[in-house]
Structure formats: C-alpha cells, structure tokens
Amino acid sequence: MAVDLLLGLQWGDEGKGKIVDVLTSKYDIIARFQGGPNAGHTLVFNGKKHVLHTIPSGIFHEDKINLVGNGVVIDPVIFKKELDKLQEQGIDYKKSLLISRKAHIILPTHRLLDAASEASKGKAKIGSTLKGIGPTYMDKTGRNGIRVGDMEMADWKEKYRALADKHETMIAFYDVDVQYDLPELETEFFESLETLKSLTLIDSEEYLYQAMKAGKSILAEGAQGSLLDIDFGTYPFVTSSNTTAAGACTGLGIAPNKIGEVIGIFKAYTTRVGSGPFPTELIDEIGETMGRVGHEFGATTGRPRRCGWLDLVALKYACQVNGVTQLVMMKGDVLSGFKTLKVCTAYNYKGTTIKHLPFNIEEQNVSPIYTELPGWNADLTDMTEASQMPKALLGYIEFLEKELELPITVVSVGPDRKQTIVR
Ligand code: IMP
C-alpha cells in the first residue's frame, strides 16, 4: 500500500489543515513528518474554528490514527495546551494519537536561543515564529538533541541539564536583551513532559512499515510550504526542515518507492509571513484587499501575511521538486470581485526572461512578468459543484492546469469542510 503525501507548495499557510481534514475519511493513518509548533493548521467545522500546531489534522476523526513522526520537533508545553483544548472539546485522543520516540524535543532554552539569534540579526532577521525550531534542528544535526525516547532513559535529566547550560552560555554570547526566568519555564516544561510521557510512544518507522504491510492507507501531512524548505526554499529565509516530498521519507522512515499520490496545495494567490524575497508581492490596495478578504493573519503568531498575485514560476518549481501528481487550489473565493487577475508566468532576471526559479530571487534581480486573465464577480462560498463555477474561474483553473501540466482536482471556496468542490 502506497503512502500519499499532502504538501504546501508556497510559503506555507496554504490550508493544509482543512484539506487533511477533508481527505481524512479516505485514510486509516495521518502522519505528520516535519516542523513543529511554528505551524498553525486551521480547521473549521460545525461553525467552529480549531487550530492545531503539532498534532496531525486527522485528530477530529476519532477512528483514525494520528502519528507525530520522527521528523517533527515537539514543544511539550505547546503540545499539552493542544491536548487540553482537544479534551475540552470532548476529543478522546488517548488511543488515536501516537508519538515517535525519535522526534526531538524543543527545550525552553531552544526558544530563548531562537529569540537571541533573531535579535542579534537586526534587520536581517528571518522573521522566525520564535518557537525554537531552528535551534532544535541545529541540535538534532549537531547530534546533541534530546528525543522523546530519551525521556525513558535513566540519565536523561543530566543530558537535559548539560544542554540547557550550554544554551545559556550561547544566549549570553549573543549579547542581546533576552529576559527570562529559566526555573519558571522549566517548571512548566517538566510538568508538560509528564503529559507527553503518558501518551503512546512508539518506534514509528516500524509501526508504519507493518501498517503498510497490513494494507492500511496512510496520508503524510507536511507543514509550512516548499518555498520554506531548508534546501530548496528561499534560503536563508526558510524554516529548518525539509518541507518537500523527500522530508516525508526521512521524517517518517518511508522508502521513496512507497510514495503514491503527491497532493500539492496552493492558494489562488500568494502569501508569505516573515522576511525574504517575494517577487509578486503587492504593497498596494489589491494586496491589502487580498489580506482583508482572505483573513491573512498567521495562525501561530497573528502577524499579517504579505499578499500578492499567483507566482507560477515558483509554483511550477515546487511541483517539480515534489513530484506533485495532483493539485488542490485554495481560497478561490478570495479572488472574487477583481476585474482582472494577474498570474506571473515568467521572471525578468537581470534583463533576461526566464521560466525557472533562479538561485537568487531577491528584488534587485527579479521582476515578475504577468499574464492577465479575466476575473469573476460572484460569491463562490455556497458552491459545492464544479458546474456552479463562473466561466472566468474555470478559465483561471484551466490556464493554471495547462501551465503546470497537472490537474487541479479540488477547489476550496471557503474555510468550512463543506465549502469544497471536487472536480
Ligand atoms: P521558523 O521556522 O519559526 O524559524 O520560521 C522561519 C520562517 O518560516 C519565517 O519566515 C516564518 O514566518 C516561516 N514559517 C514558519 N512556519 C510557518 C508556517 O507554518 N506558515 C508560514 N510561515 C511559516
């Protein structure tokens, strides 16, 4: 049985949470493979909004297994808060949530280090969510990290102390103003760890191998987006994990030849939070309208997202790197009301027209070349059938399909589970 992947193709916030939730009924297991609580996956159903940060978006379907894979980094404090919220809503997660012993733990000092590192960068800051993601992955690759399974070992508190002490030295080295009360943070951390320890901790790669052998269907859920990938994103303005398809292999222990469908999600326009290049950004009334109509505020940090036209050069690159087999277009409804829509189909790169994403897409090197398409002026939010779509929306979709050489199989026209058109 193959594992299907669900990935964001832009700079994150494409709406993966909603689509995983919609697709969950087709799968037995939903497995998150990278990132941490820097992500905010929003789901809306029965008139209520739910935001998940680390827990897979299948958790609201109690008959499904939700797995937090080895590639994820877990902040026990945020994790406990997520669990408490689920409990308040009457979700019994005890049997349906599994945690990889190989997932790394975000310590309170990782968060402090993130803040110190960003503060030291001044204007060159990444715009990190300051959740300790970068420092935790640095300790992972530096072979100093503490994993979930380490908590079952007798000597783990000594390991913790040595690492936290080292972090404090590093924070002092940055010589910036980061105020903290570590004993207070540690009290909350150790209390929350008890909750994490009470969950089902597993050797997840073995679990998934056996599940595949037994014919179980698995959906691997990514976080962030391809353009934030540590290798293929707009480095250094990226996150610290592989958000692309390969990350599902390393973040879950799934062999590449076991990957089935690669479902890529994109917004009908583009957004980005944090710093970094964004060729189609609109710092004008149109961008402002997209942000307002699309409620473009970070689910984790509440920061306003930068908005702009759809960038097909970047999107095509993401489809290539991931081996996308089908596309999901989100937030089609947000583009309603624009007389003309622009889509970036090439870049002017230092005076030459190119159709691929170059090494350096900084503003001084790249300006977008647009194709204009007619807009539509209809409320899409009640539509449930492809036949109800306005002609111009269909034209927009067909144009993208031709350019990307891939089918758009799902179009989302609102945040609710029900506002989803399958083509
Ligand atoms: P970090 O991963 O928190 O260090 O953030 C690094 C960059 O990735 C920043 O520009 C963040 O705004 C961005 N980022 C991290 N997680 C998300 C996400 O879930 N959605 C959108 N952007 C994100």
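1. Glu 281 has a relative accessible area of 25% and is partly exposed (buried means under 20% relative accessible area, exposed over 50%, and partly exposed in between, with a 1.4 Å probe and protein chains only). The model is predicted, so local features need pLDDT of at least 70 and side-chain atom pairs pLDDT 80 or more, while totals for chains, interfaces and linings use all residues. Residues are numbered from 1 along each chain as its sequence is written, and side-chain values use heavy atoms, leaving out hydrogens and water.

2. Glu 281 is the partner of Arg 306 in a salt bridge, with 2.9 Å between the closest N and O atoms. Arg 306 belongs to strand E13 and Glu 281 to the loop between strand E12 (270-272) and H9, so the pair ties together parts 25 residues apart in sequence. Arg 306 is also partly exposed, at 21% relative accessibility. A salt bridge here is a side-chain nitrogen of Lys or Arg within 4 Å of a carboxyl oxygen of Asp or Glu. Helices (H or I, at least four residues) and strands (E, at least two) are DSSP runs numbered from the N terminus.

3. How many salt bridges does this rule give? The count is 21. One of them joins Arg 305 to Asp 13, with the closest N and O atoms 3.2 Å apart. This pair links distant parts of the chain, 292 residues apart: Arg 305 is in the loop between helix H9 (285-293) and strand E13 (306-308), and Asp 13 in the loop between strand E1 (3-8) and helix H1 (16-23). Arg 305 is buried at 12% relative accessible area, whereas Asp 13 is partly exposed at 25%. Both residues belong to a network of salt bridges that also includes Lys 267, Glu 296 and Lys 331.

4. Another salt bridge connects Glu 152 and Arg 101, at 2.8 Å from N to O. Glu 152 sits in the loop between helix H4 (133-141) and helix H5 (156-174), and Arg 101 in the loop between strand E7 (97-100) and strand E8 (104-105), so parts 51 residues apart in sequence are tied together. Glu 152 is partly exposed at 45% relative accessibility, as is Arg 101 at 26%.

5. The ligand is surrounded by 15 residues, the closest being Asp 13, Asn 38, Thr 129, Thr 239 and Arg 303 (a residue is near when one of its heavy atoms lies within 4 Å). The shell holds six nonpolar, seven polar and two charged residues. A polar side-chain atom of Asn 38 is 2.9 Å from a ligand oxygen atom. A polar backbone atom of Gly 127 lies 3.3 Å from an oxygen atom of the ligand. The ligand taken alone exposes 470 Å², of which the protein buries 96% (Shrake-Rupley method, 1.4 Å probe).

6. Helix H8 (residues 245-252) is mostly covered, with six of its eight residues buried. They are Ala 245, Gly 247, Ala 248, Cys 249, Gly 251 and Leu 252. Gly 253 follows H8 and has a positive phi, near 80°.

7. The whole structure contains zero disulfides (pairs of cysteine sulfur atoms within 2.5 Å). For Cys 307, the nearest cysteine sulfur is that of Cys 344, 16 Å away. Cys 307 is buried at 3% relative accessible area. Cys 319 is in no disulfide either, with the sulfur of Cys 344 nearest at 14 Å, and it is buried at 8% relative accessibility.

Notes
Polar contact = N/O pair within 3.5 Å; in protein donor to acceptor, adjacent residues only side chain to side chain. Nonpolar A, V, L, I, M, F, W, Y, C, P; charged D, E, K, R; others polar.
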